[in-house]
Amino acid sequence: MTDLPRAELPGSASPNPESLILASGSPRRAQLLSAAGYEFSVQPAADSAECGICSRETAPEMVARLAYRKAADVVARIDDGLVLAADTVASCVGNILGKPHNRDHAEEMLRLLSGRNHDVFTGICLWSRRHEKFVVDVVRTRLQMSELTEEQLNEHLDSLRWEGKAGAFGYQDGNDWLNVIGNDSESNVVGLSMERLAELLENFEQNAEKITTPTIDSIESSDSSCS
Ligand SMILES: Cc1cn([C@H]2C[C@H](O)[C@@H](COP(=O)(O)OP(=O)(O)OP(=O)(O)O)O2)c(=O)[nH]c1=O
């Protein structure tokens, strides 16, 4: 993994900056933020904020909607703070791959990904409770997975390193059968693009009133078809 950039929080020059609250129970996201030098507290969103795959929803629409829902869930419980929420899925030949439910599900995902290029999408939502403004954005990283041998597949399944990870793999685990294509964000695969986070923080004041991709309309309309 490349060095991760640091960034000032909006209003950090003011005497009373908003503190950063990570609305996620993901240990990877906390590690990424810590490694980049951010100070933050953790307040995971309720599981109910992360409802399942919705009909007619693309992977980027889905991660945007879920990041927004997770942030909204935590914003409703705090008086002040800048809430950061994210959601990550893999996407391969039209299939959206979240966290596997069990070993068989993980195997199914890995057999689909084996030998294929695929995408990982992470939605990010930053929401200032004090200013009641938020931005939502989505980052895509393209990956290539080599064709897995039966031995590699079984070793990975036995290791349980697929647990709790979208697509049933952990890029951070350093498997030689998985590579990011080109210069796409590596931290995005692990759950949070640190490059995009720095940009969103830096431009929060300018961008917070308008939603980036996708629009809040599509987030809300997708939500209504949630199963
Ligand atoms: C693709 C990939 C995902 N992941 C992880 C990041 C996320 O933790 C997880 C995707 O699940 P998410 O639902 O995005 O996050 P989470 O359930 O872990 O935490 P929360 O909902 O509280 O924010 O997969 C890796 O660690 N490595 C990878 O290579």
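Trainee: What gives the most residues to the shell around the ligand?

Mentor: Strand β3 does, with four residues. This is a predicted model.

Trainee: What makes a residue part of that shell?

Mentor: Its C-beta atom, placed from the backbone, lies within 6 Å of the molecule. In this structure 25 residues surround the ligand, and the closest are S24, G25, S26, Y171 and G191. The elements that give two or more residues are β3 (82-92) and α5 (186-190).

Trainee: How does the shell divide by residue type?

Mentor: Into ten nonpolar, nine polar and six charged residues.

Trainee: Where does UniProt place the "active site" feature?

Mentor: At D87, in an unreviewed entry. D87 lies in β3.

Trainee: Why is D87 called buried?

Mentor: Buried takes 20 or more other C-beta atoms within 10 Å. D87 has 27, so D87 counts as buried. Leaving aside residues up to four places away in sequence, D87 touches V63, L66, A67, K70, T122 and G123.

Trainee: Which residues of helix α1 are buried?

Mentor: R28, R29, L32 and L33, in a helix that spans residues 27-35.

Trainee: What puts them on the same side of α1?

Mentor: They cover an arc of only 130° around the axis, so they share a side of α1. An α-helix has 3.6 residues a turn, so residues three or four places apart point the same way.

Trainee: What covers that buried side, and what does the opposite face carry?

Mentor: The cover of the buried residues includes β1 (20-22), β2 (40-42), β3, α5 and α6 (194-202). The face turned away carries the exposed residues P27 and S34.

Key: Residues are numbered from 1 along each chain as its sequence is written. This is a predicted model: local features need pLDDT of at least 70, side-chain atom pairs count only at pLDDT 80 or more; totals for chains, interfaces and linings use all residues. Ala, Val, Leu, Ile, Met, Phe, Trp, Tyr, Cys and Pro count as nonpolar, Asp, Glu, Lys and Arg as charged, and the others, Gly among them, as polar. UniProt positions are given in the numbering used here, feature names are shortened, and annotations may be inferred rather than shown by experiment. A residue is buried if 20 or more other C-beta atoms lie within 10 Å of its own, exposed if 12 or fewer, and partly exposed in between; C-beta atoms are placed from the backbone. Two residues are in contact if their C-beta atoms, placed from the backbone, lie within 7 Å. The arc is that of the directions from the helix axis to the C-beta atoms.
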